[in-house]
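Let's take a walk through this structure together, one stop at a time. Keep the sequence and the 3D view open as you read.

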Amino acid sequence: MAYVDLSHDAAAMRHIFLALGLAAPAEDVHATALAGGVSSGIYRVDLRSGSYCVKQALPKLKVAKEWLVPVERVFSEIAYLKAVDAIAPGHVPRVLGQDEASKSFVMEFLGPEYRNWKADLLAGRVDPNVAAQVGALLGRVHAATADDPDVARRFATDANFHAIRLEPYLLETAKAHPALADKLAQLVHRTAETRRVLVHGDVSPKNILLGPNGPVLLDAECAWFGDPAFDVAFCLNHFVLKAVHVPELASVLLESFDAFVDAYLLHVDWEPQNALERRVGSLLPALTLARVDGKSPVEYLAEDRRERVRNGAIPIIVFPLHSPHEVASHWRKELAG
């Protein structure tokens, strides 16, 4: 079936809202494109029944390097949002309906009372208590889904996770750093073979809103039953990157890093904490390097900062540290120097 591009198909957009009973038959359905990530089309629709957000998976991501991914990943995202809504209501947007033909879904629109966490961090509004809330939320989701065979069956999305996360981040980085290829390949293999909890896959500040009742997780299209260390390392990575970007905020950013870890670990009861911490400690610097030399580099680092990331990350990829707290200590020393 040909791809239905909602950005150029007003009739298809209208059909979605009529089919879901959200628009009246004679009502005009006008969609406004919203700024979003690299992987989806995101639109706001205001109707008499309320305001809504439509998300459609794109077949080609909006990055410099060619990155093709299956649009069916949208159904994993829908399933994740519904699963987490049952665990932590109010901490994900409510899904209101989906459209098979356009590989899209409709969810509640979260208004101006919600702030984007990435925007806060880049503006220097860094609060370790917020980081602790996010760590605790992630810990709740992981603990509630740990070793659940039904969740494992519903989120057996190994191929999708490899295509969206392991290949473009770790294996692509190995091409830029052949001396690290074996280390990075080992991390890919270990991550792919560790199946313990429901993983979001993109726990980044850009995908977290801060609302009246705490953090709200967005953009779960990488959802997978896999290694909790990936979610933890993926989020912690952003404190490191922003500390390199704005060294004068490094102290409070790394304090936030530690607050996230401590709050998260309170929920870990499905495996020995030190085993999980070791996986996070070794995966984290590889993901840090991937955000300058993989397929999805962060946009805010100047080249001298990118080189500083490389200089700080590569030694602890070669000789991994044993815990995320050790990684934070490493970066404190790096940035102090």
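Start with Phe-161, which is buried, having a relative accessible area of 1%. (Buried is used for under 20% relative accessible area, exposed for over 50%, and partly exposed for in between, using a 1.4 Å probe and protein chains only.) A word on ground rules: this is a predicted model, where local features need pLDDT of at least 70 and side-chain atom pairs count only at pLDDT 80 or more, while totals for chains, interfaces and linings use all residues. Residues are numbered from 1 along each chain as its sequence is written, and side-chain values use heavy atoms, with hydrogens and water left out.

Searching the whole structure turns up seven aromatic pairs. Rings of Phe, Tyr and Trp (for Trp, the six-membered ring) pair if their centres lie within 6.5 Å; planes under 30 degrees apart count as stacked, over 60 as edge-to-face and the rest as tilted. One of the pairs joins Phe-161 and Trp-224: the ring centres are 4.1 Å apart and the planes sit at 20°, so this pair is stacked. Phe-161 belongs to helix 6 (residues 158–176) and Trp-224 to strand 10 (residues 224–226), so the pair ties together parts that are 63 residues apart in sequence. (Helices, H or I with at least four residues, and strands, E with at least two, are DSSP runs numbered from the N terminus.) Trp-224 is buried too, at 1% relative accessibility.

Next come Phe-230 and Phe-234, whose ring centres are 5.5 Å apart with planes at 25°, so they are stacked as well. Both sit in helix 8 (residues 228–245), four residues apart, about one turn of the helix. Phe-230 is buried at 0% relative accessibility, and Phe-234 is buried at 1%.

Another ring has a charge for a neighbour. Arg-44 lies over the face of Phe-109, 4.2 Å from the ring centre. (A charge sits over a ring if NZ of Lys or CZ of Arg is within 6 Å of the ring centre and within 35 degrees of the ring normal.)

How many cavities of 30 Å³ or more does a search of the whole structure find? The search finds one. Here a cavity is a set of points, on a 1 Å grid over the protein atoms alone, where a 1.4 Å probe fits but cannot get out, and lining residues have an atom within 4 Å of a point. Grid points are joined across faces, edges and corners, and a volume is the space filled by probe spheres set on the points. The largest cavity holds about 50 Å³ of space. Val-232, Val-261, Tyr-264, Leu-265, Leu-276, Glu-277, Val-280 and Pro-324 line the largest cavity. Helix 9 (250–265) and helix 10 (273–293) each supply at least two residues of that lining. By class, the lining has seven nonpolar, no polar and one charged residues. (Ala, Val, Leu, Ile, Met, Phe, Trp, Tyr, Cys and Pro count as nonpolar, Asp, Glu, Lys and Arg as charged, and the others, Gly among them, as polar.)

On to the cysteines. A disulfide is a covalent bond between the sulfur atoms of two cysteines, and the rule used here asks for a pair of cysteine sulfur atoms within 2.5 Å. By this rule there are zero disulfides. Cys-235 is in no disulfide either: its nearest cysteine sulfur, that of Cys-222, is 14 Å away. Cys-235 is buried at 1% relative accessibility.

Finally, two backbone spots are worth a look. Lys-103 has a phi near 50°, a positive value in a residue other than glycine. You'll find Lys-103 in the loop between strand 4 and strand 5 (104–108), where it is buried at 16% relative accessible area. Asp-147 also has a positive phi, of about 55°, although it is not a glycine. Asp-147 lies in the loop between helix 4 (128–145) and helix 5 (149–154), and counts as partly exposed at 42% relative accessibility.

Technical notes
On a 1 Å grid over the protein atoms alone, a cavity is a set of points where a 1.4 Å probe fits but cannot get out, and a pocket is an open set with protein on both sides within 12 Å along at least five of seven lines; lining residues have an atom within 4 Å of a point.
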